[in-house]
Amino acid sequence: MTDTEIKKGLAGVVVDTTAISKVNPESNSLLYRGYPVQELAASQPFEAVAYLLWHGELPTAEQLASFEAMERSLRSLDPRTFALLDTIPSDAHPMDIVRTVVSQLGTFDETLHRPGGWTDRELDLGRSAYLFAQLPTVVAAVQRRRRGQEPIPPRDDLDYARNFLWMTFGELPSDAAVDVFRVSMVLYAEHSFNASTFTARVIASTTSDLYSAVVGAIGALKGPLHGGANEAVMHIFDEIGSADEVGAWLDRALAEKRKIMGFGHRVYKHGDSRVPTMDRALRVLLDESGDTGLAGLYETLEREFVARKGIYPNLDYPSGPAYRLLGFDTEIFTPLFIAARVTGWTAHVMEQAASNALIRPLSAYDGVDERHVPGA
Ligand code: ACO
């Protein structure tokens, strides 16, 4: 063994600076480029938040109009992507499908085919906008395919959030429900050096390309300890069934030392800064739907788990039921997180490239002592 202090899971280790977002667990606050995320969620289209993360400033009206026009022009999928989707087993997990499609999108980018084209801020801004525009169309097509439905082409008269819901369901929910979806996208967009963003930065640090970084980040996001928790929350709700069952279910789950999905956070120990905003948004949908069963389960599990363990909900706890009420399949929740977080990931890829150092930590060896192959 070794005397070296091991920081398992890099807990508490500060590996670099970032100007993209500030997570302050003491004040339960989260700033994107200096702006409180609650203020952005209350006032900004998701397109403006993406622009802010990439450029450092909110867009002027002209800049926003020009960005929106570009985004709308990039939404349609290439026929080769539909052909690829046809080759993937229909019961594959949507996270694996979206990861595969993003990898394919990288192969369409001819600027990657020439040496030296991999890391270039102007090209990376274009690539980021391309992925931002394509991902809703991909996720909507994957959702519809699960239900045996044909894809619905994007509409360039609709903003990001409306178009996303239109392509998924072929109809638009109430303005209030569209707004809940927009708020969830804003809240999921960025969160400093979380596991998937750090993965993207590790890949970018080798001077690999942005698509590769996003593919790797999707792999990290899939796990239930990270983004996969929004899906896992709903599996837990389905397992429990109703508010009356929460107490007995929790007794069993805690006796089995199960992790209760949607609770806990590596950085926030007194509650996740994003939860109050998403909780309010969820309540809009609960009120609209009149689903008292889901509301009761949501409130009871939170109350009883916090009372027993003192561990608070994270963003995935209110967003899981919100996405169910919007009509998405449970397995599509984490792909929705991809569509939002691609903004933060790509901002970090560009920041990493701008002052790069290869990310290569050390390890302490604790295997067998040196030995020799017999006869060698
Ligand atoms: N359910 C039950 N116990 C928990 C939970 C939970 N959700 N979260 C933490 N604990 C307990 C652990 O069992 C551990 O107890 P012990 O000290 O008795 O062994 C203690 O709290 C510390 O937990 P760790 O897992 O060591 O803390 P860490 O900082 O590594 O964990 C994590 C953070 C991974 C998010 C954890 O809270 C968890 O697994 N939560 C459930 C998954 C989840 O919701 N992930 C979403 C994260 S947020 C996001 O991606 C938007």
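How far apart are the axes of helix 13 and helix 15, and at what angle do they cross? I opened my notebook with that one.

**Ground rules.** I am working on a predicted model, where local features need pLDDT of at least 70 and side-chain atom pairs count only at pLDDT 80 or more, while totals for chains, interfaces and linings use all residues. Residues are numbered from 1 along each chain as its sequence is written.

**Entry: helix 13 and helix 15.** I found that the axes of helix 13 (residues 275-289) and helix 15 (residues 316-326) come within 9 Å and cross at roughly 30°. Helices here are DSSP runs of H or I with at least four residues, strands are runs of E with at least two, and both are numbered from the N terminus. Axes are lines fitted to C-alpha atoms, for helices over the stretch in contact, and angles run from 0 to 180 degrees between N-to-C directions. Helix 13 and helix 15 are therefore roughly parallel; the classes are roughly parallel under 35 degrees, roughly antiparallel over 145, roughly perpendicular from 65 to 115, and oblique for the rest. Helix 13 passes helix 15 in a left-handed crossing (left-handed if the near helix is turned anticlockwise from the far one by less than a right angle, right-handed if clockwise). From helix 13, the contact takes in Val275, Met278, Asp279, Ala281, Leu282, Leu285, Leu286 and Ser289. Helix 15 brings Tyr317, Pro318, Ser319, Pro321, Ala322, Leu325 and Leu326. Contact means C-beta atoms, placed from the backbone, within 7 Å. I noted twelve nonpolar, two polar and one charged residues in this contact of helix 13 with helix 15. For the classes, Ala, Val, Leu, Ile, Met, Phe, Trp, Tyr, Cys and Pro count as nonpolar, Asp, Glu, Lys and Arg as charged, and the others, Gly among them, as polar.

**Entry: helix 16 and its partners.** Next I looked at helix 16 (residues 333-354), which packs with helix 10 (residues 210-222) at about 135°, the axes being 10 Å apart. Helix 10 and helix 16 are therefore oblique to each other, and helix 10 passes helix 16 in a right-handed crossing. In that contact, residues of helix 10 including Leu210, Val214 and Leu221 meet residues of helix 16, among them Phe337, Arg341 and Trp345. By class I have eleven nonpolar, two polar and two charged residues for helix 10 with helix 16.

Helix 2 (residues 46-55) was my second stop: its axis and that of helix 16 come within 8 Å and cross at roughly 15°. That makes helix 2 roughly parallel to helix 16, and their crossing is right-handed. Val49, Ala50, Leu53 and Trp54 in helix 2 meet Thr343, Gly344, Thr346, Ala347 and Met350 in helix 16. This contact of helix 2 with helix 16 has six nonpolar, three polar and no charged residues.

Entry: I then traced an open sheet of three strands, in the order 1-2-3 with antiparallel pairing. Its edge strands, strand 1 (21-24) and strand 3 (35-36), each pair on one side only. Pairing requires at least two DSSP bridges. Strand 1 and strand 2 share four bridges, and strand 2 (residues 29-32) is joined to strand 3 by two. Leu31 in strand 2 stands opposite Lys22, and Leu31 also stands opposite Pro36 in strand 3. Strand 1 and strand 2 form a hairpin with four residues between them, and Asn28 in the turn has a positive phi of about 50°.

Terms used:
Contact = placed C-beta atoms within 7 Å.
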